[in-house]
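The sequence and the structure come next.

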Amino acid sequence: GAGLEQTLTASMQSAPEAIKTQVSSLVARLNARWPTRDALEAYARDLDDPTADLIVMHLLLKEQARGAGLAEALDDLAEIIFEEVKVRRQIETDRAKPRTQVRIVAIATLVVLAALPFLGTYTAAYATPVGQIFLAIWVVLFGLLLVWMRSISIGKPAPRLLVAPETKEEVTAS
């Protein structure tokens, strides 16, 4: 039954620790008589997260419409976000498996490389200058392969939904 600004101010008490600082900044902006829209957009920039953008977009719509129904919309949104987080966690779990396998292969390879000087006839070909060049090439290729495997196992962040338009200063600086 309270207004949007009062609800946002009251939410500071129950904000999770992970976003308490950003919520406090939002409330401080509202208390400093910032326009609600500007305060919410600054809050979205502070959080810098696509999921937070989705929530802020709902709040911005509420700020424009000034009608009932925000609680129901946010409840529905909470369910959607819960499912999204569940999927993100599953994806991250799936990405962790190849990274673990790469670590095991890398460690095993380093152990074999450390043991090479003690293997005698097996490594005799690498004792020549040409053998040293080939060994260096193999080691560099292996290192590049590890770097490549790491890069494909790290996900790209989701694009932001609320992105502030570039200012003239930002355009000229880039």
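How many residues does helix α5 have, and what distance does α5 reach from its first C-alpha to its last? Helix α5 covers residues 70-115, which is 46 residues, and reaches 66 Å, close to the 68 Å expected at 1.5 Å a residue. The expected span is 1.5 Å times one less than the number of residues.

The model is predicted: local features need pLDDT of at least 70, side-chain atom pairs count only at pLDDT 80 or more, and totals for chains, interfaces and linings use all residues. Residues are numbered from 1 along each chain as its sequence is written, and side-chain values use heavy atoms, without hydrogens and water.

The chain has 7 helices and 0 strands; helices (H or I, at least four residues) and strands (E, at least two) are DSSP runs, numbered from the N terminus. Of its 174 residues, 20% are buried, meaning under 20% relative accessible area with a 1.4 Å probe, protein chains only.

In α5, the buried residues are L70, L77, I81, R99, V102 and A106. Their cover includes the helices in this table.

| Helix | Residues |
|---|---|
| α1 | 4-10 |
| α4 | 50-65 |
| α6 | 129-153 |

The axes of α4 and α5, lines fitted to C-alpha atoms over the stretch in contact, come within 11 Å and cross at roughly 170°. The two helices α4 and α5 are therefore roughly antiparallel, a term for angles over 145 degrees. In contact (heavy atoms within 4.5 Å), residues of α4 including L54 and H58 meet residues of α5 including L74 and E84.

How values were computed
Buried means under 20% relative accessible area, exposed over 50%, partly exposed in between (1.4 Å probe, protein chains only). Axes are lines fitted to C-alpha atoms, for helices over the stretch in contact, and angles run from 0 to 180 degrees between N-to-C directions. Angles under 35 degrees count as roughly parallel, over 145 as roughly antiparallel, 65 to 115 as roughly perpendicular and the rest as oblique.
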